[in-house]
Amino acid sequence: MIGARLELAREATGLSLRELVAAMDRPVSATAISKYERNEMQPSAGILASLARALQVPLAYLMSKREIELGNLEFRKSVSSEKRVEHATRAALSEYLDRYLAVEEILDMPSLTWATPKLKSAVVIQPEDVEAAAIELRERWKLGTDPLPDLVQLLEERGVKVALLNLPEGVFGSMAQGTVKMGRAHKPVAAIVLNKSHQNGERQRFTLAHELAHLILNAEGLDDKMHEKAADRWAGAFLVPKAALLAETGAHRQNITVAELLSLKRLFGVSVLVILSRLRQLDVLPNASMGPLWAMVNKLGWKDGRTAEPHALLPYQPNARLTRLVLRALSEDAITESRACELLRASRFELEQLLDQ
């Protein structure tokens with residue numbers, strides 16, 4: 001049990017066995033660490049604490065009895081040293097999930113597990129097919145066609161854990177599926193990771209919907225580029241449903257004002273770029289009208305994010321549900337303040353600030 005977590009944490013740091021030995025404050029050989037990773041030997045409590053300090057992970061993470069097996073995280077952009085980045089993200093996500101599941105267990109709450117919706121329209125042959133899948137999922141989840149106020153809460157209520165972690169620059173997010181084993185029980189787990197450094201509420205919402213598309217769509221017949229295009233279109237269709245948009249704009253227009261675009265942006269909680277994409281996809285505006293609008297968005301710096309759009313959405317608070325659960329456990333005297341700090345990866349001062357709020 002300790003071996004797999006120890007190896008993953010070491011790979012995340014990029015340390016060799018000898019480099020890890022050099023980083024420790026207790027003497028141990030590289031051969032011994034290799035045996036720990038293969039579960040051929042068990043480290044003493046002091047050595048295990050030294051390993052945790054050297055690897056900068058909580059001791060509780062290395063000692064946890066939960067077996068979390070995650071599939072590959074794919075960054076939908078070329079990243080230098082991608083394998084090392086994937087190891088680091090998998091380790092951070094595994095550690096986050098372990099804390100999340102721990103506090104649910106402390107509160108005796110059944111952990112919400114992800115089950116992929118069996119949609120009739122989930123098989124995608126071309127990107128345009130996703131419109132039906134977006135409508136079907138909204139119907140399955142009884143969401144109607146109203147704008148979605150809190151996408152993180154919606155996903156976590158359906159078993160998708162959402163984490164804000166450090167990802168490479170230019171990578172907006174990723175997703176992973178796997179299992180959690182505790183004793184003899186195996187439970188499915190799904191998680192979406194957002195880049196902690198990207199503080200753009202519209203981009204975060206779109207990334208959540210994009211990664212959700214990868215969880216539910218069957219696009220095996222598409223190449224990577226077309227798969228990404230289908231996920232982007234699905235995200236737009238899920239966040240800005242056809243029926244709701246046409247009710248606001250009408251089916252056919254010759255032009256649209258910036259003021260109306262910003263009004264639609266506020267209504268649906270997406271960027272102006274997504275609104276324009278939806279208007280073009282649904283043939284609300286002709287090509288002749290789209291050209292000047294795309295040029296305007298590019299000139300204003302909204303297309304590549306050089307300039308923040310008006311009426312920007314606030315970014316999501318990091319790991320909000322986990323924080324709420326930990327504070328609940330603390331208020332019910334189910335955990336100590338020290339354990340709360342450990343579960344939140346926060347200092348005592350940061351915990352006191354949360355309690356003051």
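Which residue just after H15 takes a positive phi? In this predicted model, that residue is Asp-333, with a phi of about 55°.

H15 has twelve residues, and from its first C-alpha to its last it reaches 17 Å. That is close to the 16 Å expected at 1.5 Å a residue. Several residues of H15 are buried, namely Arg-321, Leu-322, Thr-323, Leu-325, Val-326, Ala-329 and Leu-330.

H15, which covers residues 320-331, packs against helix H16, which covers residues 337-344. The two axes are 10 Å apart, and the angle between the helices is about 170°. Because angles over 145 degrees count as roughly antiparallel, H15 is described as roughly antiparallel to H16. On the H15 side the contact is made by Leu-322, Thr-323, Val-326 and Leu-330, and on the H16 side by Glu-337, Ala-340, Leu-343 and Leu-344. Sorted by class, the residues of this contact are six nonpolar, one polar and one charged. Leu-322, Thr-323, Val-326 and Leu-330 of H15 make this contact, and these four are also listed as buried in H15.

Helix H1 covers residues 2-13 and helix H4 covers residues 45-55; their axes come within 10 Å and cross at roughly 30°. An angle under 35 degrees counts as roughly parallel, so H1 is roughly parallel to H4. The crossing of H1 past H4 is left-handed. H1 contributes Ile-2, Leu-6, Ala-9, Arg-10 and Thr-13 to the contact, while H4 contributes Leu-48, Leu-51 and Leu-55. The classes in the contact of H1 with H4 are six nonpolar, one polar and one charged.

H1 also meets helix H3, residues 30-37. Here the axes come within 7 Å and cross at roughly 120°, and the two helices are therefore oblique to each other. The residues of H1 that take part are Gly-3, Ala-4, Leu-6, Glu-7 and Arg-10, and those of H3 are Ile-33, Tyr-36 and Glu-37. This contact has four nonpolar, one polar and three charged residues.

How many of the eight residues of H3 are buried? Six of them are, and H3 is mostly covered. The buried residues are Ala-30, Ala-32, Ile-33, Ser-34, Tyr-36 and Glu-37. What covers them includes H1, helix H2 (17-23) and H4. After H3 comes Asn-39, whose phi is positive, near 60°.

Two other residues with a positive phi lie in loops. Asp-108 is not a glycine, yet it has a positive phi of about 55°. Asp-108 sits in the loop between helix H6 (82-106) and helix H7 (130-140). The relative accessible area of Asp-108 is 71%, so this residue is exposed. Asp-283, again not a glycine, has a positive phi of about 60°. Its loop runs between helix H13 (272-281) and helix H14 (287-299). Asp-283 has 46% relative accessibility and therefore counts as partly exposed.

The last stop is a pair of residues that touch each other, Leu-154 and Phe-238. Leu-154 is in helix H8, residues 151-156. Is Leu-154 buried or exposed? Its relative accessibility is 10%, so Leu-154 counts as buried. Residues up to four places away in sequence aside, Leu-154 touches Trp-141, Leu-143, Leu-148 and Phe-238. Trp-141 is 13 residues from Leu-154 along the chain, and their C-alpha atoms are separated by 9.6 Å.

Phe-238 belongs to helix H10, residues 224-239. With a relative accessibility of 0%, Phe-238 also counts as buried. Leaving aside neighbours within four places in sequence, Phe-238 is in contact with Ala-134, Leu-137, Arg-138, Trp-141, Leu-143, Leu-148, Leu-151, Leu-154 and Leu-212. Phe-238 and Ala-213 are 25 residues apart in sequence, and their C-alpha atoms are 9.3 Å apart in space.

Methods:
Residues numbered from 1 in each chain as written. Predicted model: local features only at pLDDT ≥ 70, side-chain atom pairs only at ≥ 80, totals over all residues. Heavy atoms only, no water. Axes fitted to C-alpha atoms, helices over the stretch in contact; angles between N-to-C directions. Parallel < 35°, antiparallel > 145°, perpendicular 65-115°, else oblique. Contact = heavy atoms within 4.5 Å. Nonpolar A, V, L, I, M, F, W, Y, C, P; charged D, E, K, R; others polar. Left-handed = near helix turned anticlockwise from the far one by under 90°. Expected span 1.5 Å × (residues − 1). Buried < 20%, exposed > 50% of the residue type's maximum accessible area, 1.4 Å probe, protein only.
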